[in-house]
Amino acid sequence: MIDPPIFDTMSTMRAMRRLKPDPVPDEILTELVRAATWAPSGGNTQGYHFVVVTDRARIAELAQLWSAVHDFYAASMAHVTPPLTTAEKHARNVAALKFQCDHFHETPAVIVACYDSGALVDQVRAHFADTLTAARSVGPRRALRVVRNVRRALEMTEAASVYPGVENLLLAARATGLAAAMTTWHLMLEQEFKAVLGIPRRVKTFAIIPIGWPRGRFGPVTRYDPETVIHRDRW
């Protein structure tokens, strides 16, 4: 049985949305970002950036936007109970989301995970002729399919270069005793969130992570048993 400390950290890393308003030292936040940078990135391009927000006025601006996306969720998707939970547990989760919304302006720190693949995209465009030549090498039937999928592949590469770092950050926060939750709600109003934070147009945002000291306790996560999600050798 494999049982290193990291397994205990992962198995008790619940999304924690009830945070104390107490500040988180900057040196700890820096170490969380350092842990994020240790994760892999596509082609080792390391185009990730992290906007660390602790300014109260700035977080208050984000709280207004957060209220808008929360209200949209509460009026729509909140009515759907996920398959792996009960109505009672889902109601508790919805209540935690409401608490987070009502107290977002008190959040000690918010980290926004971004990725700037502009330099990589510029290089791909500059060598597009090479891409076409390479596509022909797979045969005429597949060439068009390959070219069509290049953009999607680049988008997935960006996401794959960010989310491992986000997971590292969450694990580091849990190991430090901090509570955190990865969210993507902001994508519904991404342009407005970016405007508040001055994030350049070509830089994409992938997650917003509110971080603070927990009001509650860490506990075991509820997940599917591996045997129910493993497809051996084929689907």
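H70 is in contact (heavy atoms within 4.5 Å) with L97, K98, C101 and W185, leaving aside its neighbours within four places in sequence. H70 lies in helix 3 and is buried at a relative accessible area of 4%, where buried means under 20%, exposed over 50% and partly exposed in between (1.4 Å probe, protein chains only). The model is predicted: local features need pLDDT of at least 70, side-chain atom pairs count only at pLDDT 80 or more, and totals for chains, interfaces and linings use all residues. Residues are numbered from 1 along each chain as its sequence is written, and side-chain values use heavy atoms, without hydrogens and water.

**Nonpolar cores**
- A nonpolar core is a set of buried Ala, Val, Leu, Ile, Met, Phe, Trp, Tyr and Cys residues joined through side-chain atoms within 4.5 Å.
- The largest nonpolar core has 27 residues, of which L32, F50, I111, V166, L169, I209 and I211 touch the most other members.
- Two or more residues of this core come from each of helix 2 (26–37), strand 1 (48–53), strand 2 (109–115), helix 7 (140–176) and strand 4 (204–212).
- Helix 7 gives the largest share of this core, 8 residues.
- A second, separate core of 22 residues includes V53, L62, Y73 and V112.

**Cysteines**
- C101 is buried at 10% relative accessibility, and C114 is buried at 2%.
- The count of disulfides (pairs of cysteine sulfur atoms within 2.5 Å) is 0.

**Loop residue L84**
- L84 sits in the loop between helix 3 (56–75) and helix 4 (87–102).
- At 34% relative accessibility, L84 is partly exposed.

Notes: Helix = DSSP H or I, 4+ residues; strand = E, 2+ residues; numbered from the N terminus.
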